[in-house]
Amino acid sequence: MPEPLKIVLFLCNWGPHAAYQALQDRSADIPSEIKMIRIPCSGRISKALLFKPFEMGADGVLLLGCRSGTCRYGTGTSAAEENTADTRRIMALIGLGGERLELATFLPDEPEALLTFLQSFADRIRQMGQSPITRRTRPIAEDTAAGDLPTTPEAIVAAHDVFACQDCGKCTSACSLALAGKSYSPRFMAAEIIAGRADAAAVRNAVNSCLTCGICYERCPSAVNFPEFIKSMRIYYHDREVAAAPAHGGFFQSMMRAMTSPTLAPQRWRQLPDTIRTRSRGPVLFFGGCAPYFDIFFNKFLGVRTHHILEDSLRLLNFFDVEPALLENERCCGHDLLWSGDRDNFLRLARLNAEAIAASGAEELITACPECCHTLEVEYARHGVTLPLKITHMHAFLEREIDKGAVAFKPLEGCATFQDACRQSRFSGQAALPRKLLAPLYGNTPGGLVDAEAPSICCGNSAWIGCDADSKAMQVQRLEKARRSGSTTMITACPKCQIHLRCAMEDVVRAKQLKMELVDLTSLIAKTIHWE
């Protein structure tokens with residue numbers, strides 16, 4: 001027998017609540033599937049809160065607010081309209097269907113209109129049936145990670161040889177957070193966990209504040225892999241349900257957990273320009289990542305266009321006579337779930353992706369996202385998920401093709417600063433690769449490329465956790481340094497770097513001093529490359 005349908009109703013405390021209460025007072029035929037949650041204002045229900053019920057098993061969600069112009073807080077109705085529209089677009093992309101979410105506004109004296117609306121929405125959900133998202137309350141046997149992975153602080157310390165720490169302080173002196181002014185010390189955190197104080201609130205906060213950028217591992221004379229140690233500790237905290245709440249209400253982790261449902265059918269490639277040539281099957285598969293979701297989520301405040309990175313990547317593949325195949329049902333790689341501690345759902349995503357990738361028959365997978373590249377190439381194998389093809393970052397593909405000759409670039413004028421992607425430059429040891437690609441673009445401009453030697457500091461956030469005033473200070477310092485160098489452009493290699501740095505540029509006080517052009521390296525090459 002199928003489970004009864006579940007519809008969550010977020011009901012504004014003001015206008016529509018009075019109408020709803022009138023229906024309750026006379027025992028009106030409110031659909032039994034509807035479960036009401038009374039809220040102070042419809043504008044307070046963020047995109048994360050609108051999506052969370054679906055992750056938890058809801059089949060439909062309603063948000064009822066005040067009519068435009070009657071909101072007691074001024075902007076509640078307009079904020080609700082924007083949040084609902086964005087969430088519906090993302091729901092459509094992941095294959096859930098935006099029709100399962102609806103916003104409506106009512107006055108206190110409109111109970112009949114409200115009842116008609118509720119009954120109509122309930123009828124719609126009945127016709128659509130249960131949500132394709134499968135809710136799991138606990139891991140099942142095939143979802144758990146390998147049994148030899150450490151599960152206690154003592155085992156985690158031993159597995160990562162944290163005892164080898166010499167207490168020299170090089171990690172702290174190089175830590176981007178510490179340099180930004182945060183009272184933060186990786187060696188202190190390691191010492192506290194070794195001493196048996198892993199569950200202390202201060203230690204948990206320190207673990208969740210780590211950027212996992214890898215600079216401490218780079219400097220450590222004992223080669224203690226601190227990012228891997230942090231990742232294991234976050235998994236430990238998540239399994240004990242004491243993990244820190246991610247930024248943005250945990251929207252992206254919630255979306256990724258929803259994607260672990262096998263019956264969900266994402267439609268993330270449906271808006272590609274007609275000029276881009278792809279095929280249904282072929283030796284090369286392009287993996288896009290989460291850029292389209294980022295652009296919708298941040299469109300109001302930041303105006304990000306990270307999907308241009310994907311389009312420019314595909315144009316470059318076409319430029320070199322490669323027509324890649326695309327996975328219409330492509331899901332997130334799971335990077336942010338893993339690095340925020342949710343290993344079980346990471347494994348579910350990884351296995352679904354591996355199945356789809358293997359079925360594609362491709363021989364090489366190319367991605368423009370450094371986090372996707374590291375996750376697919378390293379983390380999947382580390383967790384026992386095998387991909388039967390070669391994983392290549394877009395920069396490596398470009399290097400391979402450009403080195404064949406017969407191509408040139410339109411020279412760029414001015415001065416630019418390059419922002420490294422931590423997963424590429426430090427985790428994969430490829431700091432020289434993007435600089436090699438940049439050299440012909442700025443070769444004729446003395447001092448045209450700043451930070452042309454060593455990898456730059458982190459952009460200030462990883463896996464959407466630990467975002468705070470100290471992260472913002474890091475981003476501001478990074479932009480101020482670039483501006484002092486005379487740079488007018490910041491070149492990035494990761495979509496999240498663009499998002500975080502653009503966020504810092506929105507500072508209401510320093511905006512004019514921080515503003516500069518942000519462009520991805522792949523997009524820059526796509527705009528300047530030509531055949532000789």
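Taken over C-alpha atoms, the centres of domain 2 and domain 3 are 30 Å apart. Keep in mind that this is a predicted model. The domain assignment gives four domains: domain 1 (7-128), domain 2 (145-239), domain 3 (255-400) and domain 4 (408-531).

So where do domain 2 and domain 3 meet? On one side, 10 residues of domain 2 are in contact with 11 residues of domain 3. Together the two domains bury about 1,000 Å² between them. Of that area, 56% is on carbon and sulfur atoms.

Now the charges. How many salt bridges cross the interface of domain 2 and domain 3? The rule finds two. Look at glutamate 228 and arginine 382. They form a salt bridge, and the closest N and O atoms are 2.8 Å apart. Polar contacts are counted too: three residue pairs between domain 2 and domain 3, both residues at pLDDT 80 or more. And the side of domain 2 that touches domain 3? Its residues divide into four nonpolar, two polar and four charged.

Next, salt bridges in the whole structure. There are 39. I'll take three of them.

Number one on my list is glutamate 55 with arginine 257. Their side chains meet in a salt bridge at 2.6 Å, N to O. What does this pair tie together? Glutamate 55 lies in helix 2 (residues 47-55) and arginine 257 in helix 12 (residues 251-258), so the bridge links parts that are 202 residues apart in sequence. Buried or exposed? Glutamate 55 has a relative accessible area of 13%, so it counts as buried. Arginine 257 is at 19%, and it counts as buried because the cut-off is under 20%.

Stay with glutamate 55 for a moment. What else is around it? Its side chain makes a polar contact of 3.0 Å with the side chain of lysine 52. Another polar contact, 2.5 Å, joins the side chains of glutamate 55 and serine 254. Leave out residues up to four places away in sequence, and glutamate 55 touches Ile133, Arg135, Ser254 and Arg257. There is a network here as well. Salt bridges link Lys52, Glu55, Arg257 and Asp342.

On to lysine 300 and glutamate 82. These side chains meet in a salt bridge at 2.8 Å, N to O. Lysine 300 sits in the loop between helix 13 (291-297) and helix 14 (307-319), and glutamate 82 sits in helix 3 (residues 76-94), so this pair ties together parts that are 218 residues apart in sequence. How accessible are the partners? Lysine 300 is partly exposed, at 49% relative accessible area. Glutamate 82 is partly exposed too, at 33%.

The last pair is glutamate 102 and arginine 88. Here the closest N and O atoms of the salt bridge are 3.7 Å apart. Glutamate 102 is in strand 4 (residues 101-105) and arginine 88 is in helix 3, so the bridge ties together parts that are 14 residues apart in sequence. Arginine 88, at 27%, is partly exposed.

To wrap up, go back to the structure and find helix 2. Glutamate 55 is there. Follow its salt bridge to arginine 257.

Note on methods:
Residues are numbered from 1 along each chain as its sequence is written. This is a predicted model: local features need pLDDT of at least 70, side-chain atom pairs count only at pLDDT 80 or more; totals for chains, interfaces and linings use all residues. Side-chain values use heavy atoms; hydrogens and water are left out. A salt bridge is a side-chain nitrogen of Lys or Arg within 4 Å of a carboxyl oxygen of Asp or Glu. Helices (H or I, at least four residues) and strands (E, at least two) are DSSP runs, numbered from the N terminus. Buried means under 20% relative accessible area, exposed over 50%, partly exposed in between (1.4 Å probe, protein chains only). A polar contact is a pair of N or O atoms within 3.5 Å; within protein, one must be able to donate a hydrogen and the other to accept it, and residues adjacent in sequence count only if both atoms are side-chain atoms. Contact means heavy atoms within 4.5 Å. Domain bounds come from an automatic or database domain assignment. Buried area is the accessible area (1.4 Å probe) that two parts lose on being put together, summed over both. Ala, Val, Leu, Ile, Met, Phe, Trp, Tyr, Cys and Pro count as nonpolar, Asp, Glu, Lys and Arg as charged, and the others, Gly among them, as polar.
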